[in-house]
Structure formats: structure tokens, C-alpha cells
Amino acid sequence: MPDGSDSFPWLTHEGLTDVRGEPVLVRVDFNVPLSEDGSISDTRRMEASLPTVRDLLDAGVHPVLMSHFGRPGGNRSPDLSVERFVPVLEDLLGSPVRFATDCIGDEARGMVSELRSGEVGLLENLRFHAGETANEPSFVEELADPGAAYVNEAFGTSHRVHASIVGLPGQFEQAAAGTLMKREYTTLTRIRENPERPFLVLLGGVKVSDKFPLIRTLLPIADRILIGGAMAHTFFSALGYDVGESLVEVDGVSDATTLLEQCEDVRSTLVLAEDVRAEASDGRVESFSRDEIPPDWRAKDIGSKTVDRFATQLKEAAMVFWNGPMGVFEESEFETGTRELVNVLADCDSKVIVGGGETGAAVAKYESSDQFHHVSTGGGAALELLEEKSLPGFEVLDLAK
Ligand code: ADP
Ligand code: MG
């Protein structure tokens, strides 16, 4: 495993040689959310991979894009076809896009062989074949067949040991990363290795037990870790407070207790929410101190004291990493904590790095993502990269020459 600091050890698409006029397979992550009417509600993940596609077009390469979409479980599911992305891509790229109704076989080969300079190919949903998630060797070979080289630009899937992520690169003499992969890697690795100080971490959301490894990784690195969202409830329980009907991950309580029992250093790094906004079963909403949540009430946002305290601390940070919303921001009654901290972070001078699916959505809901140093396109992938220092999808790429 490379131990670079800001440097990126792998070959990038700019370093590919002898690929002019050749089809290059580009694994992208177009697993975007849809609205109820089936339209694409958020194209950020798509747009993030397009600079690399444009570079390849400019270099005279024929980019052939491949992605998964949803969980069709190895079956052809027409409602999960990626054909819906053709007009969106044509619009965003300003280039014609040819589509193949299967990602392997004659259909894919035929489409790729017809590509002309300036055109982009798109293969049907990779997960219509069970071989994708199983990383099946025969599927890997078929997928590789029409390509001359490989580029991974699917950061959000690069923690998965799937055919198009870890199998495919080995089929080519040149397997490179795209611009997005490089940016995600260098930004997230920087947090661990060389953060600007004061370095603050803001954590919330629900998946507490999933995120304990992250807390343990960041504890020795961060100057402060601020904890809100449902994650805070698990710590309240560990402190012995009754949290009423609030969401608590019972399995996480003993981990939280262990953390809180550690040395004074740890206790002063962890800053828990001090008050909450909660909802009663009849719909009334009130604020409570964290040790006074009545039975039958459900905490759904951080309270105003906590918002002020977190805001003051965040404004003084040089670098911030944020994962997990502060409350149920999907409901307007409980969006205040998340919205206010998004606004504070957008306006302050610190370098703010955001990771996590819902956290990224919250940022996009209240501010333009450009206001932030980096909004990761990966949820699980971003957290795993922080914990493990690398991902399976990076380890199979060629090293830079
Ligand atoms: P991310 O996807 O950014 O990693 P998570 O998946 O951990 O974040 O958590 C996101 C979800 O957490 C949001 O959908 C939000 O509604 C929920 N959430 C945050 N605070 C609370 C709370 N106090 N009670 C219930 N759910 C909460
Ligand atoms: Mg999530």
C-alpha cells in the first residue's frame, strides 16, 4: 500500500499512451437518486466524472462508460436500465452518446466498434449480470473484450470487490484512475496525514455502529469531535440518560461507554450535543436538555444551544470533516440544526470536507456545493478510505511511472 502524503501514486488517465482512436472503458458511478416521477433528482454524481470523459474525448479517445444502477440482483430489470442517462449525458457533454442494450457480448462489441471520434458509448447496467457483484472471471473477460485500456472514475463504488472495479483492471496493460478518483483520494488522505489545525470533525446521522471505527481513527487526529444527530443519543444512553423514544443503536452503547471511559484527552476531544428538539406522539415539538428528555418523546434535531456552541467552534477551525446530518433534515420541523450548520460552514474560511450520502444531499439542499472545499461523491467509500487508507479499487490500478 502506498504511503504518499498529498501525492497520488497511481497512473491517471492523462498518462495513458497509444489510446488515440481506441475505445477506453471508463467505470463511472451513475447510481443517482430518482424522484417519484422517475426523473433524476440529483445529477452531481454524474457530473463529477465528466471532466475525465471530456479529457478523453479531447485526446481523441472513444470513451465507453459503464455503471451500475440500483440493485437488479443479476436480472434484466427494464425500470433499472441506464438508457435513461443517454439524453442527460448528451446534454451535459454536448456529444452524441451511443447505447448498447447489454454490457457484454455482440451488442456491446457492435456499439463500441461503431464509435466515431467525439462520440461516447454507454453500456447497459452492469448489475443485470450476476457476475458483476460476484467478480466472476468469465464476466470480467467478456466485459474487457471491446476495450483497449481502463479508467476507474467510480469512487462511490471503489470499496466494492466487484468485477468492473477490481477484476477488469487486471485485463489491461494500462489501468488508470480519473480526476475524481485522484481528488477524492488526495483530499481524504490529507485529513489523516496532514490536517490543517484546528481540525474539527462533525458527526451525526444514524449508522452509529458503522461509524465507531471512524471515531477511533479520528480521535487521535482531531482537535475536537462534535457529535449530534441520532449518533448523540447512543452516547446519551452511555452516560445513563433516559432518551425516551429517541432512536438509539442499542449495540453501540457499550462502544460509546468504552470511549467515554477513556482518558481525559479523549473526553475533552469529544463534544456531545447538549440539547435536542423532540417530538411527542401527538406531534407537539419542544426543546429539552439532553438529560431531561421525557418518556414518549423522540429527539429529532439538535437544540439551539448546541447549534450555537457547534457553530462557534466550527468557525474557528482551519479544517472540518463532516459526516452525518444533525437531525431529520428531511422534515422541515427538524431541519434547523443541519441547515444552520451548513450555512455556517459555507460562510466560514475553513476548508470543509463533506462525506456521506445524506450529508452531501443536505449540503446541496441548503447551499451550493462550490462553497465547500470538497463534497465527496462516496458515502461508504469515503468512510472506508478514511479508516483503511486505501480502497480495493485503487490497489488494482497501475502505479504512476
Ligand atoms: P450519511 O448518509 O451522510 O452517512 P447517515 O446515513 O448516517 O448519514 O444518516 C442520515 C440520516 O440520519 C438522515 O436521513 C436523517 O434523517 C437521520 N437522522 C439524523 N438525526 C436523526 C435523529 N435525531 N433521529 C432520527 N434520525 C436522524
Ligand atoms: Mg446514509
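The model is predicted: local features need pLDDT of at least 70, side-chain atom pairs count only at pLDDT 80 or more, and totals for chains, interfaces and linings use all residues. Residues are numbered from 1 along each chain as its sequence is written, chains are lettered from A and ligands numbered from 1 in the order in which they are written, and side-chain values use heavy atoms, with hydrogens and water left out.

**Ligand 1**

- Around ligand 1 there are 20 residues (a heavy atom within 4 Å), and Val206, Lys211, Glu330, Glu358 and Thr359 come nearest.
- By class, this shell has six nonpolar, nine polar and five charged residues.
- Here Ala, Val, Leu, Ile, Met, Phe, Trp, Tyr, Cys and Pro count as nonpolar, Asp, Glu, Lys and Arg as charged, and the others, Gly among them, as polar.
- A backbone N or O atom of Val206 lies 3.1 Å from an oxygen atom of ligand 1.
- A polar backbone atom of Lys207 is 3.4 Å from an oxygen atom of ligand 1.
- The side chain of Asn323 has an N or O atom 3.2 Å from an oxygen atom of ligand 1.
- Taken alone, ligand 1 exposes 580 Å² (Shrake-Rupley method, 1.4 Å probe), and the protein buries 88% of that.
- The elements giving two or more residues to the shell are α10, β12 (298-302) and α15 (357-366).
- Helices (H or I, at least four residues) and strands (E, at least two) are DSSP runs, numbered from the N terminus.

**Helix pairs**

- The axes of α10 (residues 229-238) and α11 (residues 253-260) come within 8 Å and cross at roughly 70°.
- Axes are lines fitted to C-alpha atoms, for helices over the stretch in contact, and angles run from 0 to 180 degrees between N-to-C directions.
- That makes α10 roughly perpendicular (65 to 115 degrees) to α11.
- Thr234, Phe235, Ser237 and Ala238 of α10 make the contact (heavy atoms within 4.5 Å) with Val253, Ala256, Thr257, Leu259 and Leu260 of α11.
- This contact has six nonpolar, three polar and no charged residues.
- The axes of α9 (residues 208-218) and α10 come within 11 Å and cross at roughly 85°.
- α9 and α10 are therefore roughly perpendicular to each other.
- Val208, Lys211, Phe212 and Ile215 of α9 meet Met231, Thr234 and Phe235 of α10.

**Backbone details**

- Most residues other than glycine have a negative phi, and most peptide bonds are trans.
- The peptide bond from Arg197 to Pro198 is cis, with omega near 0°.
- Pro198 sits in the loop between α8 (179-193) and β7 (199-203).
- Asn135 is not a glycine, yet has a positive phi of about 50°.
- Asn135 is found in the loop between α5 (130-134) and α6 (137-144).

Technical notes
Angles under 35 degrees count as roughly parallel, over 145 as roughly antiparallel, 65 to 115 as roughly perpendicular and the rest as oblique. A polar contact is a pair of N or O atoms within 3.5 Å; within protein, one must be able to donate a hydrogen and the other to accept it, and residues adjacent in sequence count only if both atoms are side-chain atoms.
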